[in-house]
Amino acid sequence: MLFLVTLVGFGAAANAATPANDNFANAEQLTGIQVHVSRTNVEATKEAGEPNHNGNSGGKSVWFVWTAPTSRTMLLTNNRSNFDSLLAVYTGTSLAALTTVASNDDILPPNRRSSLTFQAVAGTTYRFALDSYTNPNQTAADGSFILDLESALSRQAADYDRDGKTDLSVFRPSNGAWYVFSSAIDSLALTNFGQAGDIPVPADFDGNGRTNVAVFRPSNGTWYVRRSSDNTLQLAQFGANGDIPTVGDYDGDGKCDYTVFRPSNGGWYILQSLDNSFRAMNWGTTGDIPVTTVAR
């Protein structure tokens, strides 16, 4: 009898309904600039002609379709999920005519969920595929997930691992070291970058959704950025001793601009990352503190 009860329970789980958005043609419609939906890929399948998302065969994909209401750098993630996933963004109206816009497997191992950014163009329709990562000769995992779509500009500050959460981090001027506790993998990361007298200016300067380790050096008015996308050093001479560096995306391209506030004349000076153009504006007066100021 116990054996029969066990079989009945197993059969009920195995016969769960296939998700309504299992196939490309039945993709679930998403609307708005910020979307958060709770779904499942249990009993989902991979249809004939479907691409391998991020190069993995997968096997339990579900589809979504979204038309961009405005041009904006967007963040798509399923970090709030319980299985090893794949994410991909496409354009195209059929499986045979898809063009890959962006894809991702792991946010940051051992965090096996997925996250990506892409440049959305107003009026363009995008197809999102969420699948399960699978190893050779193994069945793809499945489970519940939350799909989050939002402007990349609304991502958390000091998110060095792109999991949508602020990470604990300090800059130690005495040895020029950054100590970051990654919330994605629950471990410490140490980076030697900077020196005594530098002002930390962590932000996403390369537009990949991860905060970059960066400093502004007042003695020579230079910004030093360690790009997380390719681990290269980026330098920009912009500002002067006495300026207050600020972090923010003033041109809406999903990347932080080099910006300083000059207390002596209440001037803001911005080097826009979108087109490398210069902007200056007087907004404030002597003694004012810019509200986007960073730790000093």
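Me: Which residues does Phe 128 touch, leaving out those up to four places away in sequence?
Reply: Keep in mind that this is a predicted model, where local features need pLDDT of at least 70, side-chain atom pairs count only at pLDDT 80 or more, and totals for chains, interfaces and linings use all residues. Residues are numbered from 1 along each chain as its sequence is written, and side-chain values use heavy atoms, with hydrogens and water left out. Contact here means heavy atoms within 4.5 Å. On that basis the partners of Phe 128 are Leu 30, Val 62, Trp 63, Phe 64, Trp 66, Leu 76, Ala 88, Val 89, Phe 118 and Leu 149.

Me: How many residues are in the largest nonpolar core?
Reply: A nonpolar core is a set of buried Ala, Val, Leu, Ile, Met, Phe, Trp, Tyr and Cys residues joined through side-chain atoms within 4.5 Å; buried is under 20% relative accessible area, exposed over 50%, partly exposed in between (1.4 Å probe, protein chains only). Phe 128 is among those with the most contacts inside the largest one, along with Trp 66, Leu 76, Phe 118 and Leu 147. The size of that core is 23 residues.

Me: Is Asp 159 buried or exposed?
Reply: Asp 159 sits in the loop between β9 (144–151) and β10 (168–172). Beyond four places in sequence, Asp 159 touches Gly 164, Lys 165, Asp 167, Gly 209, Arg 210 and Thr 211. Because its relative accessibility is 2%, Asp 159 counts as buried.

Me: How far from Asp 105 is the nearest side chain of opposite charge?
Reply: Asp 105 lies in the loop between β6 (99–104) and β7, and is buried without a salt bridge (a side-chain nitrogen of Lys or Arg within 4 Å of a carboxyl oxygen of Asp or Glu). Lys and Arg count as positive and Asp and Glu as negative, with His and the chain ends not counted. The nearest opposite charge belongs to Arg 112, at 6.0 Å.

Technical notes
Helices (H or I, at least four residues) and strands (E, at least two) are DSSP runs, numbered from the N terminus.
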